[in-house]
Amino acid sequence: MELITNDRFQQVIKYIRAMFFIGIILSISFFLLVGGVWIYAKSKGAPPLSVTQSSIFYSKDGSIIGEAHSGEKRYWVGLEDISPYLVDATVAVEDRRFFTHHGFDPKRIGGAILADIKARAKVQGASTISQQYARNLFLVHDKTWKRKWDEALYTIRIEANYSKEEILEGYLNTIYYGHGAYGIESASYYYFNKPAKDLTLAEASMLAGIPKGPSVFSPYADSDRARQRQEIVLHSMVENGSLTKKEAEEALAQPLTYGNREHLPKEFMAPYFQDAVRAEIRNVLGLQEELEMGGLHIYTTLDPTLQAIAEEEVEKTFDPASDMQVGFVSMDPKTGRVLALVGGRDYEESSYNRVTQAERQPGSTFKPLLYYRALEQGFTPSTGFRSEVTTFQVDDGRSTYTPHNFNNYYANDVLTMMQALPLSDNVYAVKTHLLLGEEELTKQAKKLGIHSQIKDVPSLALGTSPVRVIDMANAYSVFANGGKEVKPVFIEKVVNYRGEVLFEREKETKQLLDPDVTFVLNHMMTGMFDPALNGYMAVTGNAILDKLTRPYAGKSGSTETDSWMIGYTPQLVSAVWTGYDRDQSITLWAEKHYAKNLWAGFMERALDNKSVVAFAPTEGVVGVQVNPQSGLLATSDCPVSRLSYYIKGTEPTEYCMAHLEDLKEEEALPEEQPKEEENKKWWKRFVPWM
């Protein structure tokens, strides 16, 4: 018996020894497996935690003007910007040991297995917050073993590379709360019309219960079940030590006031401007992928007040029954910031942006570009050409070109540049253009930011090559700021959801044009609105003079199918195009004045209560009183005298004697001169070509 007992004892010892070694081997294997998986997870690096989010557009004053998303409204916020109640509630009801486990909760897994065996069905989940986050980020919600394996690997990678706070922040920003609200910020606004950081305990406990079944536990879907779920959340918080029982009871008794079911408090505005911003992000900044993923905070240059004025003026100017379209843009000439933009009369009807996409003939608004170049090449405001029907030999004599003035009105006399500009004389412009050389205007246009294809032809002086409204506004901004280079700016800064600055506008600038020549041109361009010239010659701004209360520089332009008005002060530049999309002729008198009336209405309201700022003479210019017709120094006998500026050394030195001779002729006439001759002489004095 003793031998048998010893044999059995030795056998037991062998079994124990074998089990011990097997246990050691299994333990080592387990740790090697876990370590290998962990090393694999670390070697694979941190998986990207980015998800499709909404990007938010901000105006210059920080207000929200719109958003971009790919069907999921989600706004990323940092953990510090989420109510602590919501954080505690989520951890308590979803994963109580979240801060102590390493991605998996063995105790919870064991409990779930026992519960499932007991019920003979899948009744309890064991997924941790980390596992749910991995599933939401990278996986489909099926129940295959492959998905479970991939989920485990992603969970390990997330736990190995991110802190618990980062994981929890990501989870709260990605889970679905129902009704299209992804992430806690969107849900908070949708249900309670407030940011997530301001949620109360009662509100937070209600929201924390929804992700388990948004279609079941949403208060909008079933208020009773939502309240029952809220009670479970509060009870879990008490068990987890986050609350006292009394606090939970008080929160449960608190009535909840729900919001207006908006995902974000916003007033969408300026849709054409927003489209231009998107195009800028994609095509200029090269942030296409970032825009598609979303989560961007895009700080734009839009001025909501000026945008509202622009939209109101468009609405007020156009006949509702008219099919005419509009392209309007207003810019800060010092910086190039686009402050207001209207790309059409109805975005829902047509999203085609007539400011940034359409190319139309600019007509006479192109002439200032020509006259700047002429002044730079030695012309002065007094340089004169005869205005009469003229046929030019062009293309080395192989063809001819005959420009025509509006309504075929010609001075049949010499005009100075200071007359030709506000009169918009076409013959003068073509003579200047051909004298300089046809390529000079093309070079000047490119220098000023005209990106359209421009043809070196005689008619280019009259604006026959189509251009974009935004480019013309930019060219005039260079004039308005004294000749400094600017480019249209839509975006000040782009920040991703992590707070990293992806783009910030550079604010450096350089002198592009001669400041003296630029000032001379600017002062000449005020002639369009000069009351002293109105009546003496039919300036093109005559129709809106009574609407203007401060000095402006500008130029209008028209073709058979296009009507333009571009004008500015040192503070603001605005450009307007009106016409039909399909090149329909503008025939009605009222339609021909839409552009000017819209421009005048906007500028007066936009600059209301702002100080009057005139163009300041530069050091290299001199101002003298000149008779506009002769271009010579004015005398007391001249019917009109206008202060005109010249580059120092180019100002006239001779006095105008023409009107003195006219006066002597009148004094010598016999008293019985026919009335008809007197009238003729009077008109000759004031409008010499009529």
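## Strands S1 and S2

In this predicted model, strands S1 and S2 run antiparallel and are joined by four bridges. One of the residue pairings places Tyr 58 with Ile 64, its bridge partner in S2. The two strands make a hairpin, and five residues lie between them. Within that turn, Gly 62 has a positive phi of about 90 degrees.

S1 is covered on both of its faces. Ser 55 and Phe 57 point to one side, Ile 56 and Tyr 58 to the other, and all of these residues are buried. S1 also pairs with S5, this time in parallel, through three bridges. Here the bridge partner of Phe 57 is Ile 298 in S5.

## The mixed sheet

S1, S2 and S5 belong to an open sheet of five strands, ordered S2-S1-S5-S12-S13, in which the pairing is mixed. Strand S2 (64–68) and strand S13 (501–504) are the edge strands, and each of them pairs on one side only. On average, neighbouring strands of this sheet are turned by 15 degrees against each other, with direction ignored.

At the S13 end of the order, S12 and S13 run antiparallel and are joined by three bridges. Val 495 has Val 501 in S13 as its bridge partner. Helix H12 (residues 271–283) packs on the sheet. The helix touches strand S1 (55–58), S2, strand S5 (297–300) and S12, and its direction makes about 55 degrees with that of S2.

Asn 481 sits in the loop that lies between helix H19 (469–480) and strand S12 (491–495). Is Asn 481 buried or exposed? Its relative accessibility is 13%, so Asn 481 counts as buried.

A polar atom of the Asn 481 side chain lies 3.0 Å from the backbone nitrogen of Gly 483. Once neighbours within four places in sequence are left aside, Asn 481 is in contact with Pro 333, Lys 334 and Val 486.

## The antiparallel sheet

Another open sheet of five strands has the order S7-S6-S16-S15-S14, and its pairing is antiparallel. Strand S7 (338–342) and strand S14 (553–558) each have a single partner strand, so one side of each has no neighbour in the sheet. From one strand to the next, the twist averages 5 degrees.

Inside this sheet, strand S6 (residues 325–331) and strand S16 (residues 573–579) run antiparallel and are joined by seven bridges. Gly 327 stands opposite Trp 577 in S16. Helix H14 (residues 304–317) lies across S6 and S7, and runs at about 25 degrees to S7.

## Helices H15 and H18

The axes of helix H15 (residues 367–376) and helix H18 (residues 438–447) come within 9 Å and cross at roughly 110 degrees. H15 is therefore roughly perpendicular to H18. On the H15 side, the residues that meet H18 are Leu 369, Leu 370, Tyr 372, Arg 373 and Glu 376. Their counterparts in H18 are Glu 440, Leu 441, Gln 444 and Ala 445.

## The chain as a whole

The secondary structure of the chain comes to 24 helices and 18 strands. The chain has 690 residues, of which 52% count as buried. Among contacts with a separation of 6 or more, 69% are between residues 24 or more positions apart. The chain exposes about 33500 Å², and 53% of this area is supplied by carbon and sulfur atoms.

Notes: Residues are numbered from 1 along each chain as its sequence is written. This is a predicted model: local features need pLDDT of at least 70, side-chain atom pairs count only at pLDDT 80 or more; totals for chains, interfaces and linings use all residues. Side-chain values use heavy atoms; hydrogens and water are left out. Buried means under 20% relative accessible area, exposed over 50%, partly exposed in between (1.4 Å probe, protein chains only). A polar contact is a pair of N or O atoms within 3.5 Å; within protein, one must be able to donate a hydrogen and the other to accept it, and residues adjacent in sequence count only if both atoms are side-chain atoms. Contact means heavy atoms within 4.5 Å. Two strands pair if DSSP finds at least two bridges between them. Axes are lines fitted to C-alpha atoms, for helices over the stretch in contact, and angles run from 0 to 180 degrees between N-to-C directions. Accessible areas come from the Shrake-Rupley method with a 1.4 Å probe; for residues, only the protein chains shown count as cover. Angles under 35 degrees count as roughly parallel, over 145 as roughly antiparallel, 65 to 115 as roughly perpendicular and the rest as oblique.
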